[in-house]
Amino acid sequence: MTQSLDNAQIEALVRRAVRAIVNNDSTSAAQPPGWVDGKPNLRVSISARHVHLSDEHVETLFGPGATLTPMKDLYQDGFFAAEQTVMIIGPKKRMLPSVRVLGPTRPFSQVELAFTDSISLGLDIPIRHSGDIEGTPGCVLVGPAGTIQLDKGVIRAARHVHMNQSDAQYFGVKKGDFMDLKITSPQCTITMSDVLVRADETSKLEVHIDTDEGNACNLDSATKIELIPSGGGCGCKAH
């Protein structure tokens, strides 16, 4: 009789645990990507100098049959920092060694630098959104198996925010709109305008700024971060 009662208690405990797991999974699944406690969870990331490569250029730089080897997953699902790095050579043989390659591969190669990086290389690079590389300068990429002469594709990436459609609805914006990013930090508080909205179905709320911008606002010491539709909008905030 005692053994039967113990088994019943055990079964009840197991059922309760299973229900809790199922309910938690359902709650998580019901929330849009990246949301916490029913609202967007804003992240601001410094996008340091990096390179995007085509499949063809991966093989040229790292050898026939080479593919990118993930080293660390990035915040956005499916994207990663690769084990591979390349050297970037600009005019007058100025160079940046060991610049990280990001994956997955793309249809064409692109180099994203901060303004101070471009000064070091002796390049005059424009601020562009990713993929807009017509009329941009090129450089030489050097890998362990070969070199690539890029005729174009070196840019300073314009600040932007990745978000999903639920995020966009929360802030009252849509793909192609611009927002303001206010970063409050000791003696370095700054508001950055012209943050392009890049909305899709799966992205998590994340603003990308470059190294120079991150240093200018002392991002590591920030005490408050606000993302605001340009012109004030609804005044919605995320921290």
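How many residues lie between S3 and S4 in their hairpin? I looked, and I found 6 residues between them. Gly78 in the turn has a positive phi of about 90°.

**Ground rules.** I am reading a predicted model, where local features need pLDDT of at least 70, side-chain atom pairs count only at pLDDT 80 or more, and totals for chains, interfaces and linings use all residues. Residues are numbered from 1 along each chain as its sequence is written, and side-chain values use heavy atoms, with hydrogens and water left out.

**Whole chain.** I noted 5 helices and 15 strands. Helices (H or I, at least four residues) and strands (E, at least two) are DSSP runs, numbered from the N terminus. Of the 239 residues, 41% are buried. Buried means under 20% relative accessible area, exposed over 50%, and partly exposed in between (1.4 Å probe, protein chains only).

S3 covers residues 70-73 and S4 covers residues 80-89. I found them paired in the antiparallel sense over 3 bridges; pairing needs at least two bridges found by DSSP. Pro70 stands opposite Ala82 in S4.

**Salt bridges.** I looked up the total and got 7. A salt bridge is a side-chain nitrogen of Lys or Arg within 4 Å of a carboxyl oxygen of Asp or Glu. One of them joins Asp77 and Lys204, with the closest N and O atoms 3.2 Å apart. This pair links distant parts of the chain, 127 residues apart: Asp77 is in the loop between S3 and S4, Lys204 in the loop between S13 and S14. Asp77 is exposed at 59% relative accessible area, whereas Lys204 is buried at 14%.

I also checked Asp132 with Arg128, at 3.3 Å between the closest N and O atoms. Asp132 is partly exposed at 39%; Arg128 is buried at 19%.

**Asp180.** I placed this residue in strand S12 (residues 178-184). Is Asp180 buried or exposed? Asp180 is buried, yet has no salt bridge. Arg159, the nearest side chain of opposite charge, is 7.7 Å away. Lys and Arg count as positive, Asp and Glu as negative; His and the chain ends are not counted. I did find a polar contact of 3.2 Å between the side chains of Asp180 and Ser193. Such a contact is a pair of N or O atoms within 3.5 Å; within protein, one must be able to donate a hydrogen and the other to accept it, and residues adjacent in sequence count only if both atoms are side-chain atoms.
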